[in-house]
Each structure stands twice: as structure tokens, then as C-alpha cells.
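Thank you all for coming; today I would like to walk you slowly through one model. Please have the picture open while I talk.

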Amino acid sequence: MLIEDGSEALPDQPTVDDIYGYAFRAGEEAGGRPGVARLIYEFSTGALVSEDVTRYFADQEYWWPGDVLACGQAAGRVLVVGCGVGRHATAVAQAGHDVVGLDPSSQAVAVARRRGVDARIGGIPDLPDGLGTFDTFLFAGGGLFLLSGPNGQKALRALAEVANRGARIVGTNVIPFVDETGTSTRDSSRQAGPVRHRMRVKHGSRLTAWSRWEPIDRPTMAQLEISARDTGWSIEETHRTVSPFAPELEHTTNSAGIGDDVMETGSVAVVMVRMRLVG
Ligand SMILES: C[S@@+](CC[C@H](N)C(=O)[O-])C[C@H]1O[C@@H](n2cnc3c(N)ncnc32)[C@H](O)[C@@H]1O
């Protein structure tokens, strides 16, 4: 159901497709105040990881260093793919670029627009019409997973269609389950096959249903290289850093009721990748 500002009315118990939009609305209502709305990710290993939704509204000082690096490499006209509420789009626009944000979540787009971002509803691989052409496609916040898997090659071809000469893709890929030195903590004997996760969101007294179990299909560099084959895109630079999964936002509490036994932070490896359209 659409309401007047173009966003959708929230169902009583949102599904996985609503989760980010729902959380973003909760974060907006909280006015960026930490401790009000959380995302809980439960992994098939039994690990529980929690993040404060206001992380998605936070300034650069709370970003993964890989995302700061990726945004710093934006050039010319920029399409921010999976823009969420627009934290990266806003920073890149402030740096003087013409920026369009793109996200399939109408609620995310509504929040991003209220925050001053030229945000459009849509996603990859089927880009909406009328976007124009771009010099940079930004996949920050770990968004490079969108270029892996069966849709990766189709998505890269679709981006090439709206790319200016010499265009670049910059973004980050997240590798979970590492310790603070970047060494994998996965027990390979117990973790055969893809790792799966599911998540739910708590906001006040409302709690979403658990999402479906989804594979964590993060693109390794090899997967990204496979996606790039015959698309004209080529990997030009990678830079790996190890960061806390979630930043320690001021005044964060677990007062929402769930999450007392949930890790607030754990480490992830964040790989900044730059690709160039050469074909
Ligand atoms: C974890 S959030 C990150 C948002 C933002 N990149 C950030 O870091 O603040 C992932 C976002 O990707 C969006 N998304 C999911 N599938 C997508 C697709 N096929 N194309 C573009 N965005 C997508 C979701 O709606 C969600 O807003």
C-alpha cells in the first residue's frame, strides 16, 4: 500500500524484503540517535552479530576505511548502487560530484530523498530507464556482493551500457568471520558448504519475523573476475583492510531487549576494489 510520500505502509510483520527499509525508517524516526533500532544477523554457525541501524546514517569517521577509500576514488558523475539512506551519496555529492542514488527499497529511497539525495527506485541488473550515463558506479557498504553470482555478469553488462568512456566501478566486498588480524575464524571441518545467515530486526516492541535462510555469497576476487569476463570491465586495484563489523556508536545500548547475548562488534575483512571499463 502506498502512502502520500511515496513510501509503502509498513506491514505488521515485515518480510526480508522490507527489513532494510523498515530499519531505515526506524533509524530516521530515531533522528540518528543510537540504541533505538538494531539489525540482528544470525549466522548458521550460531554466531549472532548486531548492528545499530543509525550506523547507516553516521558520518565518515564511523565508516569502514575501505568505504572511505572507495568514495575518495569517485570521479565525474556517480551512480550509488544500493544507496540505502544515502550516507555515501551525500558525502560524494559534498565532494562536488553529480550523484544519483539507486535502491529497490522504496522506503530507503524515500528516506534518502528526505536527506537531499537524488534517489531513484531500482536496482541491478535491470536498471530503470532515464538514469543517464555515469563515470563512476559506487558499491560502498559491502555492495560488491551484488556483482557476484548468476546476476553478476548481466549487471556488469547493464552498467557498461550506461557508462561513459573509461568509467570505473569502486566499492567494497566484506569477508565475515575473521579475527582482528584478518585470519579466518571459520572452522573448515564444521563449515563445509556455503555459510548461510538470516536476520531479524527489533525496533521498540516490534520484531520482524526471521528472514529466510540466505547463503552468504560474498564475491571473492575470483568470483568477481569470473563475473567480469567478456563484459569490458577489468579489476584494476584491490586494497584489503580489517575493521570492526559495526562501529561503536556513542550511547549504544542493548535496551531494545534482544541482543544482550549478541556481539556488538566482531571483525570483518573489507576489500576495496576498483574496476575499469576497458572494452
Ligand atoms: C546493507 S544495505 C547498505 C546500504 C548502503 N550501501 C550503505 O552502506 O549505507 C544494502 C542495500 O542494498 C539494497 N539492494 C538490495 N538489492 C539490490 C539490487 N539488486 N540493486 C541495488 N540495490 C540493492 C537494499 O535495498 C539495501 O538498501
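Helices (H or I, at least four residues) and strands (E, at least two) are DSSP runs, numbered from the N terminus. The model is a predicted one, in which local features need pLDDT of at least 70 and side-chain atom pairs count only at pLDDT 80 or more, while totals for chains, interfaces and linings use all residues. Residues are numbered from 1 along each chain as its sequence is written.

Let me begin with a loop. Asp 230 sits in the loop between helix H6 (221-228) and strand E11, and its phi is near 60°, a positive value in a residue other than glycine. Is Asp 230 buried or exposed? A residue is called buried if 20 or more other C-beta atoms, placed from the backbone, lie within 10 Å of its own, exposed if 12 or fewer, and partly exposed in between. Asp 230 has 9 other C-beta atoms within 10 Å, so it is exposed.

Another loop, the one between strand E5 (119-121) and E6, holds Pro 125, which is joined to Ile 124 by a cis peptide bond with omega of about 10°.

Now to helix H2 (residues 65-72), whose buried residues are Gly 66, Asp 67, Ala 70 and Cys 71. Seen down the axis of H2, these buried residues fall within an arc of 130° (taken from the directions from the helix axis to the C-beta atoms), so they line one face of the helix.
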